[in-house]
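Me: Could you take me through the salt bridges in this structure, slowly and with the reasoning spelled out?

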Amino acid sequence: MKEKEKIISAAIIAIGIVVLGMFLKAGIDNFTEKDRKVTVKGLAETEVKADKITWPIVSKELGNDLPELYNRIASKQQTIKRFLMANGITADEITINAPQVVDLSADQYSSNNKPYRYNITLIITVTSKHVDRVREIISRQGELLKQGVAIVAGDYSNQITYELQSFKKMKPKMMSEAIENAQQTAQQFAKNSQSKLNKIVSADQGQFSIDNRDENTPWIKRVRVVTTVTYSLKD
């Protein structure tokens with residue numbers, strides 16, 4: 001009986017040593033793999049048309065008779081509005097700002113020999129999701145000259161702007177593409193180092209940027225995201 005107990009005890013000790021050895025090996029392997037990592041960057045990029053346009057239409061009047069200037073501005077306002085609506089712009093896409101009046105004689109930094117006292121600026125803003133339609137109207141704004149309305153160009157404080165409202169819907173797909181691109185790069189690295197790609201150790205959410213494709217086509221946006229992913233490697 002004692003002999004049998006000795007054999008069982010020896011067997012248990014042997015099994016314990018084997019299990020302990022397996023745990024030690026797994027721990028050593030895990031420790032080794034933790035030190036074997038590769039960090040790569042993944043890129044996703046696409047070009048899309050803007051889906052919102054803001055067009056400030058600026059016109060000015062100069063003169064000395066303020067009531068008369070207001071009448072002229074009011075007439076311009078109606079002419080511009082008729083032109084826009086006749087070309088498919090709806091009333092809810094048009095915002096008419098209050099006229100901005102500058103009394104040139106009250107400007108202490110201005111000379112007193114100005115030919116006119118008042119400078120009135122009218123700004124009518126078109127905000128629309130129909131970018132192509134508005135761009136086509138912009139190309140024909142010279143037609144307003146025939147109706148006695150001159151549009152001020154080159155006003156840096158009132159530039160045409162294009163936005164990409166659908167950006168939020170694009171983010172998940174682009175992030176997926178960026179991570180896939182990073183994985184391909186990491187797999188190539190693992191292959192070259194005679195290793196295999198393991199789990200993702202860490203990853204950032206990616207840095208998104210939206211820029212004009214170039215200065216001549218600001219309505220075409222270049223969207224890109226760069227993400228950084230770290231993988232562990234194994235044999």
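Reply: A salt bridge is a side-chain nitrogen of Lys or Arg within 4 Å of a carboxyl oxygen of Asp or Glu. This is a predicted model, in which local features need pLDDT of at least 70 and side-chain atom pairs count only at pLDDT 80 or more, while totals for chains, interfaces and linings use all residues. Residues are numbered from 1 along each chain as its sequence is written, and side-chain values use heavy atoms, with hydrogens and water left out.

Me: How many salt bridges does a search of the whole structure find?
Reply: Side chains of opposite charge can pair when their charged atoms come close. Searching the whole structure for such salt bridges gives a total of 12.

Me: Which residue forms a salt bridge with Glu163, and how many residues apart in sequence are the parts that the pair ties together?
Reply: The partner of Glu163 is Lys52, with the closest N and O atoms 3.9 Å apart.

Me: Glu61 forms a salt bridge with Lys76; is Lys76 buried or exposed?
Reply: In this pair the closest N and O atoms are 3.1 Å apart. Buried means under 20% relative accessible area, exposed over 50%, and partly exposed in between (1.4 Å probe, protein chains only). Glu61 has 11% relative accessibility and counts as buried, and Lys76, at 7%, counts as buried.
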